[in-house]
Amino acid sequence: MKKPILSKTLGWIILIGLVVLDASLDVFFAKGRGLETNILKPVADLLGVNNPLFLTPIVLVIFYFVVKVGAWLAKKIDKIPVKAEELVLTTLVIVYGIFDLWLILVYFFNFTLFKNHYYLIPILIVIGITYGWWAENKLKKK
């Protein structure tokens, strides 16, 4: 493995695919209940949207700002001089990809290890922190 992070272009392409996949799974299997979350419900109500696919641009804008703020924090706090944005983007892709994989397992294979998707949050946080720490160390060694 030459680089522990994705390029910005590849990272955003994968993230867009993951967001569309998540929205599509929500439409087909959960009948749009993903719009009832605390974050998306006010936006969906404001825009009058009842299909999660129509909110994918809003979700991507939110992720854009998450990546920008996360990269700024990584530069200031963790002293990552280069590739901070790619590091945050790659971490988001990994965590969101694992979440989508879990959704696929639930919807297609009735995977019921967790009764509620909120139980997955601490696991995703640990995965994101672990990857971020590992990749940060690799970037600092270069």
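These are my notebook entries on what I looked up in this structure.

**Entry 1: confidence**

I began with confidence, since the model is predicted. The mean pLDDT of the protein chain is 88, and 99% of its residues reach 70 or more. Looking element by element, I found the lowest confidence in α2, with a mean of 82, and the highest in α1, at 94.

**Entry 2: the nonpolar cores**

Next I looked up the largest nonpolar core, which has 27 residues, and noted that Leu 15, Phe 63 and Leu 87 have the most contacts inside it. The elements giving two or more residues to this core are α1 (8-29), α2 (40-47), α3 (56-76), α4 and α5, and the largest share, seven residues, comes from α4. I then followed Phe 63, which touches Trp 12, Leu 15, Val 19, Leu 92 and Tyr 96 when residues up to four places away in sequence are not counted. There is also a second, separate core of eight residues, and among them are Leu 25, Val 95, Phe 114 and Leu 120.

**Entry 3: α4 against α5**

Two packed helices are described by the angle between their axes and the distance between the axes, and I looked up both for this pair. The axes of α4 (residues 84-109) and α5 (residues 120-141) come within 9 Å and cross at roughly 150°, and the crossing is right-handed. On the α4 side, the residues that meet α5 include Leu 87, Ile 94, Phe 99 and Trp 102, while α5 contributes, among others, Leu 124, Tyr 131, Glu 136 and Leu 139. Sorted by class, this contact has 12 nonpolar, four polar and one charged residues.

**Entry 4: Asn 110**

In the loop between α4 and α5 I stopped at Asn 110, where phi is near 55°, a positive value in a residue other than glycine. I noted this because most residues other than glycine have a negative phi. Is Asn 110 buried or exposed? Its relative accessibility is 60%, and the cut-off for exposed is over 50%, so Asn 110 counts as exposed.

**Entry 5: Asp 26**

My last stop was Asp 26, which is placed in helix α1. With a relative accessible area of 9%, under the 20% cut-off, Asp 26 is therefore buried. Leaving aside neighbours within four places in sequence, I found Asp 26 in contact with Lys 31, Gly 32, Arg 33, Gly 34, Leu 35 and Pro 52. I also looked up Asn 51, which is 25 residues from Asp 26 in sequence and 9.0 Å from Asp 26 in space, C-alpha to C-alpha.

Technical notes: Residues are numbered from 1 along each chain as its sequence is written. This is a predicted model: local features need pLDDT of at least 70, side-chain atom pairs count only at pLDDT 80 or more; totals for chains, interfaces and linings use all residues. Side-chain values use heavy atoms; hydrogens and water are left out. Axes are lines fitted to C-alpha atoms, for helices over the stretch in contact, and angles run from 0 to 180 degrees between N-to-C directions. Helices (H or I, at least four residues) and strands (E, at least two) are DSSP runs, numbered from the N terminus. A crossing is left-handed if the near helix is turned anticlockwise from the far one by less than a right angle, and right-handed if clockwise. Contact means heavy atoms within 4.5 Å. Ala, Val, Leu, Ile, Met, Phe, Trp, Tyr, Cys and Pro count as nonpolar, Asp, Glu, Lys and Arg as charged, and the others, Gly among them, as polar. A nonpolar core is a set of buried Ala, Val, Leu, Ile, Met, Phe, Trp, Tyr and Cys residues joined through side-chain atoms within 4.5 Å. Buried means under 20% relative accessible area, exposed over 50%, partly exposed in between (1.4 Å probe, protein chains only). pLDDT is the predictor's confidence in each residue, from 0 to 100.
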